[in-house]
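Student: I'd like to learn how to read the fold and the pockets of a model. Can we walk through one together?

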Amino acid sequence: MSDSNTIIIATKNKGKAKEFVQMFAPYGVEVKTLLDFPDAPDIEETGKTFAENAILKAEGISKTMNTIAIADDSGLAIDALNGRPGIYSARYAGEQKDDEANMDKVLAELIDVPGEDRSARFHCALAAAIPGKETVTVEGTCEGSILLERTGTNGFGYDPIFFVKEKGVAMAELSSEEKNQISHRANALKKLSGMIGQLIEGDAR
Ligand SMILES: O=c1[nH]c(=O)c2ncn([C@@H]3O[C@H](COP(=O)(O)OP(=O)(O)OP(=O)(O)O)[C@@H](O)[C@H]3O)c2[nH]1
Ligand SMILES: [Mg+2]
């Protein structure tokens, strides 16, 4: 199905796909996503945690495509909203998964919340499913807060309204190289880096 230096990421999200392509490049690994396999099934995200959903997606795709698959389940947890949108981040403003509508909803909900109470963090769970082996799950976070208005044009999702504590700017003001060093996704992937060799298609079988 693919070359030996290829990893399948079980995502249909274009923003995530682009980041994984860049993050795996230093390992000499080519990334394929479900955007390359339009007939891949939609796996229902019925879990109660990021990790449960990542496992459902990784194992679902690994089984149907008979391949190693890594899935990402991620989202934004806002303290003043008791952790919402959390695992519902993609569809927060409705089934259409509209980033602009999702940001508008968050900004409206926080309209009366002052700066010091707008703390938030991105979460990312990655699950790596290898046929015949136990699925491995890792998690990463990125701390920050919710800005009063959109700032910057890079990235995807909620990046324009997320202030990155470590960098002192909006996530959408970071270049992709900068985001991919400090993001929740990058922090999770660092924990998988020791098993990249095993995850390359073909090596584990
Ligand atoms: O500003 C952001 N910067 C990020 O780095 C980021 N990572 C995740 N998110 C949000 O969380 C949802 C994931 O939901 P999710 O894990 O179910 O993915 P998805 O449904 O978009 O695609 P898939 O991977 O399931 O195919 C996404 O749609 C976004 O709204 C992000 N927002
Ligand atoms: Mg999803």
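Student: How many helices and strands does the secondary structure of the protein chain come to?

Tutor: Helices (H or I, at least four residues) and strands (E, at least two) are DSSP runs, numbered from the N terminus. Here the chain has six helices and seven strands. Their order from the N terminus is β-α-β-α-β-α-β-β-β-β-α-α-α. Some ground rules: this is a predicted model, where local features need pLDDT of at least 70 and side-chain atom pairs count only at pLDDT 80 or more, while totals for chains, interfaces and linings use all residues. Residues are numbered from 1 along each chain as its sequence is written, chains are lettered from A and ligands numbered from 1 in the order in which they are written, and side-chain values use heavy atoms, with hydrogens and water left out.

Student: What share of the 205 residues is buried?

Tutor: Buried means under 20% relative accessible area (1.4 Å probe, protein chains only). In this chain, buried residues make up 49% of the 205.

Student: And how much of the contacts comes from residues 24 or more positions apart?

Tutor: A contact is heavy atoms within 4.5 Å. Of the contacts with a separation of 6 or more, 58% are between residues 24 or more positions apart.

Student: On to pockets. How do I find empty space?

Tutor: You roll a probe the size of a water molecule over the atoms, and that shows where empty space is left. A pocket, on a 1 Å grid over the protein atoms alone with a 1.4 Å probe, is an open set of points with protein on both sides within 12 Å along at least five of seven lines; lining residues have an atom within 4 Å of a point. The largest pocket holds about 950 Å³, a volume being the space filled by probe spheres set on grid points joined across faces, edges and corners.

Student: Which residues lie nearest the centre of the largest pocket?

Tutor: Lys 16, Glu 45, Ala 90, Arg 91 and Lys 97, out of 37 lining residues. β3 (69-78) is among the elements supplying at least two residues, and β3 gives the largest share, four.

Student: How much space lies in the second largest pocket?

Tutor: About 190 Å³. Its 14 lining residues include Lys 18, Glu 19, Asn 154, Gly 155 and Ser 176, the closest to its centre. α1 gives the most to this lining, with five residues.

Technical notes:
Buried means under 20% relative accessible area, exposed over 50%, partly exposed in between (1.4 Å probe, protein chains only).
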